[in-house]
Amino acid sequence: MSRYAVDPLTALQAKEQAQKLAFAPIAFQAAQSLRELGILAVLDAAGPTGLSAQQIAERSGVSEYGAKVLLDMGLSTLVVTQDGDNYVLARLGHFLLHDAMTRVNMDFTADVCYRAMSHLTETIRSGRPEGLREFGDWPTIYEGLSRLPEKARKSWFDFDHFYSDKAFPELLQRIFAERPKTIVDIGGNTGKWSLQCCAHDEDVHMTIVDLPRQLALALDNAREHGFEARIHGHPMNVLDDSQPLPGEADIWWMSQFLDCFSPMEILRILRRIRAAMRPDASVYILELFWDRQHFEAAAYSLNATSLYFTCLANGNSRFYHSKDMLDIVEEAGFVVAEQVDDIGLGHTLLRLRAG
């Protein structure tokens, strides 16, 4: 992307940014504590006049010392401003407190990624998700999702669903324009997409393909919503060639799924689908590509999340550059019939046909 072609910083600016990066983990924890201890909420309620450190301490139940060290770091990170003796909530602090995307991202980083990232160098050297040992002894995080600590599990699913859910309304209109009767949802996770499809169209039948433990959660959700007759399960590891894919389908659907695999694994999966699908079937891939984002913050977030895949998920996957994915799609024997960017919060939808 052209914005990365030139170094935008002077030497002085670069040195200044280097110091901020050196202390970035501390700055993150301070912002998290300001929010979790209720200090940002107290300042929000106080309005533009703000409050003194003593008043903030009294209203938040935090010691004056604790409030001041956090608030002074908040000044350095632009979370708060200061007017005389009073601290005032800044715009950045407002978003930390009120913006849903920021909350989801911070909770995911704090509860899922933070400790694991101390193993990143080791992970890069070994090619294995060494940070996963912070939670359990599994080869990938997907085998252990249902056994994560409650706080980490909630933050993981909140993060995963926040981005995909925003895309559902437009996706349902696009997918059901083909009037499918059968859809295979590969990597269906908790079954949210399948539930949405069944609620949207009373005739469609869904088959969710996922690991057995995760699939059990999806099927429980289907029963709770009264769709057990139309949402079926197909337990399997898609990388195990001895396990067959389900039977024919009008549409094969993968949402934020292929980013969980390495390029060679993606190629294997797509080739398996290519061999199993009817010639007239469609394959849909919904993904977040870091190079297809309009805002630098979005590309930044996706490249940071790629390191979650590295250190925690499986050690070899990521959010891809769109060209890398399109090259794999072509090598697997597909042609791109349609590509739609800017769905939801930056997703790209690829509709594939057999080449």
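How many helices and strands does the chain have? The chain has 15 helices and 10 strands, where helices (H or I, at least four residues) and strands (E, at least two) are DSSP runs numbered from the N terminus. The model is a predicted one, in which local features need pLDDT of at least 70 and side-chain atom pairs count only at pLDDT 80 or more, while totals for chains, interfaces and linings use all residues. Residues are numbered from 1 along each chain as its sequence is written, and side-chain values use heavy atoms, with hydrogens and water left out.

Taken along the principal axes, the C-alpha atoms of the chain fill a box of roughly 70 × 50 × 40 Å. Of the 355 residues in the chain, 48% are buried; buried means under 20% relative accessible area, exposed over 50%, and partly exposed in between (1.4 Å probe, protein chains only). Contacts (heavy atoms within 4.5 Å) can also be sorted by distance along the sequence. Among those between residues at least 6 apart, 66% join residues at least 24 apart.

Two strands count as paired if DSSP finds at least two bridges between them. Strand β3 (residues 86-89) pairs with β2 in the antiparallel sense over 4 bridges, and 2 bridges join β1 to β3. Tyr-87 of β3 is the bridge partner of Gln-82, and Tyr-87 is also the bridge partner of Leu-51. Thr-81, in turn, stands opposite Val-88 in β3. A hairpin is formed by β2 and β3, with 2 residues between them, and Gly-84 in the turn has a positive phi of about 65°.

The axes of helix α2 (residues 24-36) and α7 come within 11 Å and cross at roughly 115°. Here, axes are lines fitted to C-alpha atoms, for helices over the stretch in contact, and angles run from 0 to 180 degrees between N-to-C directions. On the α2 side the contact is made by Phe-28, Ala-31, Gln-32, Arg-35 and Glu-36; α7 contributes Arg-103, Met-106, Asp-107, Thr-109 and Ala-110.

The expected span of a helix is 1.5 Å times one less than its number of residues. The 18 residues of α14 should therefore span 26 Å, and the end C-alpha atoms are 24 Å apart, which agrees. Among the buried residues of α14 are Ala-299, Leu-302, Thr-305, Tyr-308 and Phe-309. The buried residues of α14 pack against α7 (100-113), α8 (120-126), α9 (150-165) and β8 (282-288). After α14 comes Gly-315, whose phi is positive, near 90°.

A nonpolar core is a set of buried Ala, Val, Leu, Ile, Met, Phe, Trp, Tyr and Cys residues joined through side-chain atoms within 4.5 Å. The largest has 58 residues, and those with the most contacts inside it are Tyr-142, Trp-252, Met-254, Leu-270 and Tyr-308. Not counting residues up to four places away in sequence, Tyr-142 touches Trp-156, Leu-211, Cys-260, Tyr-308, Phe-309, Ala-313 and Asn-314. Another core, of 26 residues, lies apart from it and includes Phe-168, Ile-208, Ala-222 and Trp-253. In soluble globular proteins, nonpolar side chains tend to be buried together.

Leu-132 is placed in the loop between α8 and α9 and counts as buried because its relative accessibility is 1%. Leaving aside neighbours within four places in sequence, Leu-132 is in contact with Trp-138, Pro-139, Thr-140, Ile-141, Cys-311 and Leu-312. The C-alpha atoms of Leu-132 and Thr-305 are separated by 15 Å, although these residues are 173 residues apart along the chain.

Asn-189 lies in the loop between β4 (182-186) and α11 (192-200), whereas the place of Asp-342 is in strand β9 (residues 334-343). Asn-189 counts as buried at 14% relative accessibility, while Asp-342 is partly exposed, with a relative accessible area of 42%.
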